[in-house]
Amino acid sequence: MKKGILWGFALACLVLAGGRPASASDAPLFAEVTAAKTALTTEDGVNVRFTLTNQGASDLFVLQWKTPLAGFEGDLFAVERDGEPVPYTGRLVKRAAPRPSDYVRIEAGGRVSAAFDLSAVYDMRQPGTYTVRYRAVGLEVVREDFRARQTVSEALDLLESDALALTLSGRDLRGDRPEGEAAPEAADGKALTPTYLNCSNGQISSIGSALANAQNYATESYNFLVGLPAASRPGDPRYTTWFGAYDSTRYSTVQSHYQSLKDAFSGQTFQLDCDCASDNTLYAYVFANQPYHVHLCGAFFSAPATGTDSKAGTLVHETSHFTVVAGTNDYAYGQTACKKLASKTPKKAIANADSHEYFAENNPFQSIHGGGATDKAANCAQYVREDPPYDYSYVPKNAWLTKTWYIKNCGTATWTTSWGVQKLWGNACGSFNFTKSTAPGATAKVWATCFLGTAAQYEVHFKVKTSGGTTFGDEFWFVLNTR
Ligand SMILES: [Zn+2]
């Protein structure tokens, strides 16, 4: 499946059943933040406990990334001091697709909890009255639906705890730690030589190209937004796909973000740190208040140079997080979730890192003036939907499986029967040709028939290929368990 497609399905059901999207009040999950001590000094640790309770009748599997259960990987709390928001200073991580071990099981009626020092990830150096509230948008929850005999994954619109009040007395510690210092700007607009930490020579050379490509992405995005005639802005598919309904204020905010990105790539010294290169579950991470220091991880090095979730796009994503650049957050990951964010909450989309990445990558290509044929790429394939069995559901061992996807030909070339589907990787299936032609604009029904043996899980990824064997467009896949 494509990241997040089941989300859409489950959310639609929730809206129909409940009359409104899931919220803290009707979700089976209850989040709570507590502290043994609420009167502290600025020199103390701000020790709080986060507890997630499953109030439902069936076991749930919760994706830990948007909880502090396995550490902080994003801005998960709304922290205020005397009514003013306090900046998040922890890691902002771009992750690869989740694995089973990224989910925590919470039994029906059970709870999980974690304790941590909140001052390690939020700037709480000043004395004052703080309020602390857990606030997660799009928390992913998986449960078994025994009646439908399938696994259902849903994303909660918002899960929020009550606010916890804490008073910090004592001295202001802001003078004790130096703020992140911005590097000097180059006068000629050319990128300054980046510095590398923990990187091999091969990694250094691939990062060098990625920086050049990221600079091109940022410049092209900026020029596109500036050059788009005002009359075309409300209907522009590229802008509205990633940033939602047009509004002149939001548009100029987005434009200023790409200007800052372009200026950063051309004028700042980046510090590229390969300290997490052996972790394939992560693309990269940064600290928003440590500008131009980007930690690059395993998934970054195996990503394509350009295109969806590419090396260059990842650098756009990470750089947008820096407070001095665009100060983006991670409200949604992946193309499907980002499109949904744009259509539901444009205000969040224009503050979301992956939305900036996908706009810059512009894949599938979307033109300036409403997708005219002359602007389109010849080869373009867009995932539309798929038939069951859905990912992570169970299918029989030692049996044939037919899995069907619907893929739109969004390019200008006709897919003939000498074109087809290329297996990219996986432990079953092969590649095959189409059985009929698909004209530009039409949607092809694509199915793979594969024998599944005795392995516990089968995962296979595919792309559309030309008659010459070149693959392009959206990746589609299945991950199925056997029994
Ligand atoms: Zn991020």
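Colleague: Which residue stands opposite W405 in β19?
Modeller: That is E386, and bear in mind that this is a predicted model, where local features need pLDDT of at least 70, side-chain atom pairs count only at pLDDT 80 or more, and totals for chains, interfaces and linings use all residues. Residues are numbered from 1 along each chain as its sequence is written.

Colleague: How many bridges join β17 to β19?
Modeller: Five bridges join β17 to β19 (residues 399-409), and the two strands run antiparallel; strands here are DSSP E runs of at least two residues, helices are H or I runs of at least four, and both are numbered from the N terminus. Two strands count as paired if DSSP finds at least two bridges between them.

Colleague: And what is the strand order in that sheet?
Modeller: The order is β17-β19-β22 in an open sheet of three strands with antiparallel pairing. The edge strands, each pairing on one side only, are β17 (381-386) and β22 (443-452).

Colleague: Switching to helices, at what angle do α6 and α9 cross?
Modeller: The axes of α6 (residues 311-321) and α9 (residues 353-361) cross at roughly 140 degrees and come within 8 Å, where axes are lines fitted to C-alpha atoms, for helices over the stretch in contact, and angles run from 0 to 180 degrees between N-to-C directions. That makes α6 oblique to α9, since angles under 35 degrees count as roughly parallel, over 145 as roughly antiparallel, 65 to 115 as roughly perpendicular and the rest as oblique.

Colleague: Which residues of α6 meet α9?
Modeller: G313, V316, H317, S320 and H321 in α6 meet A353, D354, H356, E357, A360 and E361 in α9, with contact taken as C-beta atoms, placed from the backbone, lying within 7 Å.

Colleague: Where are the cis peptide bonds you flagged?
Modeller: One runs from N363 to P364, with omega near 0 degrees, and P364 lies in the loop between α9 and β17. Another joins P388 and P389 at an omega of about 5 degrees, and P389 sits in the loop between β17 and β18 (394-395).

Colleague: Last one: is D82, with its positive phi, buried or exposed?
Modeller: D82, whose phi is about 50 degrees although it is not a glycine, is exposed, with 11 other C-beta atoms within 10 Å; the classes are buried at 20 or more such atoms, exposed at 12 or fewer and partly exposed in between, with C-beta atoms placed from the backbone. D82 is in the loop between β5 (77-81) and β6 (84-85).

Conventions. Two residues are in contact if their C-beta atoms, placed from the backbone, lie within 7 Å.
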